[in-house]
Amino acid sequence: MQDEMFMKKAIELSKLAVEHGNEPFGAVLVKNGEIVFSNENQIYTRHDPTFHGEAGLIREFCAQTGITDLHEYTLYSSCEPCFMCSGAMVWVKLGRLVYGASNIDLEHILGNTGCNCSKMVFDNSFWQPQVSEGVLREESLSILKEYFYNHAKG
């Protein structure tokens, strides 16, 4: 139940990202049942192709708080993190990742095969966050479909 509540917030942020001129991805960082930070994809508005929802969240949260060990935190992402964002989660030792749609879902929308990016990165790294996948998957998928049926990726 709590996972769904925080995932709804991540999905809301993905909608806001589109309204702000970016791609539909949102992320929420939670500790002890409370949102401590959130971020939406900002690759176009910041003119930074690395400012994904998750990597941007980690970058800003760590810079603003000085906290770089996130083993007590859960990150909720509207879509499975890419290789870059998954790598950032390893470096900050994220405790748990929860995501909606998978990267395979996203790649199918884009006409590609895809892979489970986060699993590939985590399985081959010194740190493996706990992962829960598919939370509110259909809600996340509908936003991705609506956006990417009308826009190219990147």
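A residue counts as buried under 20% relative accessible area, as exposed over 50%, and as partly exposed in between. Threonine 65 has a relative accessibility of 38%, so threonine 65 falls in the partly exposed class. The structure discussed here is a predicted model.

Threonine 65 is part of helix H2. The side chain of threonine 65 has polar contacts with two backbone atoms: the oxygen of phenylalanine 61 lies at 2.7 Å, and the nitrogen of isoleucine 67 lies at 3.1 Å. Leucine 110 is 45 residues from threonine 65 along the chain, and 36 Å separate the C-alpha atoms of these two residues.

The sheet comes next. Five strands form an open sheet with mixed pairing, in the order S2-S1-S3-S4-S5. Strand S2 (34–40) and strand S5 (130–133) are the edge strands; each has a single partner strand, so one side of each has no neighbour in the sheet. On average, and with direction ignored, neighbouring strands of the sheet are turned by 15° against each other. S3 and S4 run parallel and are joined by five bridges. Cysteine 79 stands opposite alanine 101 of S4. Helix H6 (residues 137–148) packs on this sheet, where H6 touches S3 and S4, and the direction of H6 makes about 60° with that of S4.

Is asparagine 39 buried or exposed? The relative accessibility of asparagine 39 is 7%, so this residue counts as buried. The side chain of asparagine 39 makes a polar contact of 2.6 Å with the side chain of glutamine 42. A polar atom of the asparagine 39 side chain also lies 3.0 Å from the backbone oxygen of glycine 53. Leaving aside residues up to four places away in sequence, asparagine 39 touches Leu13, Gly26, Ala27, Phe51, His52, Gly53, Gly56 and Leu57. After H3 comes lysine 93, with a positive phi near 55°.

How many disulfides does a search of the whole structure find? The search finds zero. For cysteine 82, the closest cysteine sulfur is that of cysteine 85, at 3.8 Å, which is too far for a bond because a disulfide needs sulfur atoms within 2.5 Å. Cysteine 82 is partly exposed, at 23% relative accessibility. For cysteine 117, the closest cysteine sulfur belongs to cysteine 115, at a distance of 4.1 Å, again too far for a bond. Cysteine 117 is buried, with a relative accessible area of 3%.

The charged side chains come last. Side chains of opposite charge can pair when their charged atoms come close. The count of salt bridges in the model is seven. One of them pairs lysine 31 with glutamate 72, with 3.0 Å between the closest N and O atoms. This pair links distant parts of the chain, 41 residues apart: lysine 31 belongs to strand S1 (residues 26–31), and glutamate 72 to the loop between helix H2 (53–65) and strand S3 (74–79). Lysine 31 is partly exposed, with a relative accessible area of 23%, and glutamate 72 is partly exposed at 47%.

Another salt bridge joins the side chains of lysine 119 and aspartate 123, at 2.7 Å from N to O. Both residues are in helix H5 (residues 117–123), four residues apart, so about one helical turn separates them. Aspartate 123 is partly exposed, with a relative accessible area of 47%.

A salt bridge also connects the side chains of arginine 137 and glutamate 138, with an N to O distance of 2.9 Å. Salt bridges with shared partners join Asp105, Arg137 and Glu138 into one network. Arginine 137 is partly exposed, with a relative accessible area of 32%.

How values were computed:
Residues are numbered from 1 along each chain as its sequence is written. This is a predicted model: local features need pLDDT of at least 70, side-chain atom pairs count only at pLDDT 80 or more; totals for chains, interfaces and linings use all residues. Side-chain values use heavy atoms; hydrogens and water are left out. A salt bridge is a side-chain nitrogen of Lys or Arg within 4 Å of a carboxyl oxygen of Asp or Glu. Helices (H or I, at least four residues) and strands (E, at least two) are DSSP runs, numbered from the N terminus. Buried means under 20% relative accessible area, exposed over 50%, partly exposed in between (1.4 Å probe, protein chains only). A polar contact is a pair of N or O atoms within 3.5 Å; within protein, one must be able to donate a hydrogen and the other to accept it, and residues adjacent in sequence count only if both atoms are side-chain atoms. Two strands pair if DSSP finds at least two bridges between them. Axes are lines fitted to C-alpha atoms, for helices over the stretch in contact, and angles run from 0 to 180 degrees between N-to-C directions. Contact means heavy atoms within 4.5 Å.
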